[in-house]
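Please read the following note with the model open beside it, and look up each residue or element as it is mentioned. The points begin with a local detail and then move to the wider arrangement.

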Amino acid sequence: KVNAALSISHSNKTAVAVVYISEDIPGMGIPFYTGLEYYKSLIPVRNEDSNKGDCGKLFIIAGSRGMTGAAYLSCMGSGSGLVTLGVPESQQQIMAVKLTEAMTVPLPEVEESGTISLDALGEIKRRLNKSDVCVFGPGLSDNDDIPKLIDSLLSGSTDFVIDADGLNC
């Protein structure tokens, strides 16, 4: 067991994950930590005249009835310039009020469960064409369409971060 802290940040197409371990790693004989200045140098500096669209376009597919918190936290913690959240139709108004910076897109849903349905595939693909990366999974919950959605989406050219319920399926 090692006591560690993790921080992840990104800008445009560069992502940096920093793990700080405050003790020696067994077998290495030296502390892992090399200093924050090195890691800061890996993150590009934004131009003064840039806009949020220049600093990464992220599409998040997340949330379901009773699981809007996962979608919210994904948007707030992304660090991306332009964030769009695809959420089940019945949850879109909740998220539009809760999120002040991210845009929201209502997606077709399985009404009984309040989860995204396979009918959302077309709209999701349109949004992916305008995105640098997609986060798939936080708070999606479970229905038979979720695995079919991710299978259909992974064959495209967009980079994905699959998390939470995306991993479960």
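1. Ala164 is placed in the loop between strand S9 and helix H6 (165–168), where helices (H or I, at least four residues) and strands (E, at least two) are DSSP runs numbered from the N terminus. Its phi is near 50°, which is a positive value in a residue other than glycine. With a relative accessibility of 33%, Ala164 counts as partly exposed, a class that lies between buried (under 20% relative accessible area) and exposed (over 50%), with a 1.4 Å probe and protein chains only.

2. Before going further, please keep in mind that this is a predicted model, in which local features need pLDDT of at least 70 and side-chain atom pairs count only at pLDDT 80 or more, whereas totals for chains, interfaces and linings use all residues. Residues are numbered from 1 along each chain as its sequence is written, and side-chain values use heavy atoms, with hydrogens and water left out.

3. Taken as a whole, the chain has six helices and nine strands, and 38% of its 169 residues count as buried. Among the contacts (heavy atoms within 4.5 Å) with a separation of 6 or more, 59% come from residues 24 or more positions apart.

4. Which strands make up the open sheet, and in what order? There are five, arranged as S5-S4-S3-S8-S9 with parallel pairing, where two strands pair if DSSP finds at least two bridges between them. S5 and S9 (159–162) stand at the edges with a single partner strand each, so one side of each is left without a neighbour in the sheet. On average, neighbouring strands of this sheet are turned by 20° against each other, direction ignored.

5. Strand S4 (residues 82–88) deserves a careful look, because six of its seven residues are buried, and the strand is thus mostly covered. S4 runs parallel to S3 (residues 57–61), to which five bridges join it, and Leu82 in S4 is the bridge partner of Lys57. S4 also pairs in the parallel sense with S5 (residues 103–107), again over five bridges, and here Val87 has Pro106 in S5 as its bridge partner.

6. S4 takes part in a right-handed β-α-β unit with S3 and helix H2 (residues 68–76), and in another with helix H3 (residues 92–98) and S5. A crossover is right-handed if, with the strands pointing away from the viewer, the path from the first strand over the helix to the second runs clockwise.

7. Finally, the axes of helix H4 (residues 121–128) and helix H5 (residues 145–153) come within 11 Å and cross at roughly 35°, axes being lines fitted to C-alpha atoms over the stretch in contact and angles running from 0 to 180 degrees between N-to-C directions. Leu121, Ile124, Lys125 and Leu128 in H4 meet Leu149, Ser152 and Leu153 in H5.
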